[in-house]
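Morning, everyone. I have one model to walk through, so let me put it on the screen.

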Amino acid sequence: MFRIVGRKVNIKDYLRTIVDMKWNPQFITLHNTAAPSLAQRPNGFTEQHMRNLQGYYSGKGWPGGPHFFVDQNGIWAFNPIELPGVHSPSWNKKAIGVEMLGDYSYESFNSGDGAKVRDNTVLLIAELSKHFSFDPKTMKLHKEDKKTTHDCPGKNVSKDEFIKLVEKELNQETKIVIYRKGEGHDPAGITSGLYKDGVNYGMVKNVEAITGTSCGKTGLQPIRVILGNKYTYSWDAPNMKLYCVEK
Ligand SMILES: [Zn+2]
């Protein structure tokens, strides 16, 4: 039998445990389990369910499975993320496989447990996108694989709406931590910012109140526009903190 992780994870913590990636994932493929449906797992998955799935896939002679299962209560790590999985014929060597509990050909993806599965999956895909530098728009549905005949996930999952939710999750509030020259290791100030499409933004007024600089612009601007090359920048993505140090 192939090895599984087989437990519910805090996704940020799980991604921090990666030490040795044996492959180079390029995007995410989204699935739904169909069977079991949400109705068949009213309390979500258990560790026993993970072992049952391991036995089922191994019995088919597969060397792996999807990387994650998502239920109404959280995220389960299955195929180790360090290794390619088995979930979509064309993309096993390229894509991280995410299975959502439910049959969204008829179960709701916008209410009840279906909406909880959706929100947990949005969080998972946002974290994977940050960690592996994926653009959420590159995500694929299993049914887009020409080598598959499954209608997976079901029609209630709208790819466009799903990607919008992931993008919204990624446009998160950040902390901008500013250090002034000669003031040692205590920050001169901390203000809120926004991270969007790989760029850190801050409010000009708030940043300049800490740095004493003036960029001649107002409102929300990229930090590099506000502070230019007088500062060095270091982005702590897992903690959404941008450190700006005066040269
Ligand atoms: Zn599928």
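Strand E7, residues 173–179, and strand E8, residues 189–196, run antiparallel and are joined by six bridges. Helices (H or I, at least four residues) and strands (E, at least two) are DSSP runs, numbered from the N terminus, and two strands pair if DSSP finds at least two bridges between them. Ile-178 stands opposite Gly-189 in E8.

Before I go on, a caution: this is a predicted model, where local features need pLDDT of at least 70 and side-chain atom pairs count only at pLDDT 80 or more, while totals for chains, interfaces and linings use all residues. Residues are numbered from 1 along each chain as its sequence is written.

E8 is also joined to strand E9, residues 199–203, by four bridges, again antiparallel. Tyr-195 stands opposite Asn-200 in E9. E8 and E9 make a hairpin with two residues between them, and Asp-197 in that turn has a positive phi of about 50°.

Now the overall layout. There are two domains, domain 1 at 7–170 and domain 2 at 173–246; the bounds come from an automatic or database domain assignment. Their centres, taken over C-alpha atoms, are 35 Å apart.

Next, the cores. A nonpolar core here is a set of buried Ala, Val, Leu, Ile, Met, Phe, Trp, Tyr and Cys residues joined through C-beta atoms within 7 Å. A residue is buried if 20 or more other C-beta atoms lie within 10 Å of its own, exposed if 12 or fewer, and partly exposed in between, with C-beta atoms placed from the backbone. Which residues touch the most other members of the largest core? They are Ile-28, Phe-68, Val-70, Val-98 and Ile-125, out of 32 residues. Helix H3, residues 112–132, is one of the elements giving two or more residues to this core, and H3 gives the most, with six. Apart from this core lies another, of twelve residues, including Ile-178 and Val-207.

Last, helix H2. Met-50, Leu-53, Gln-54 and Tyr-57 of H2 are buried. They cover an arc of only 105° around the axis, so they sit on the same side of H2; the arc is that of the directions from the helix axis to the C-beta atoms. On the other side, Gln-48, Asn-52, Gly-55, Tyr-56 and Gly-59 are exposed. Just after H2, Gly-61 takes a positive phi of about 85°.
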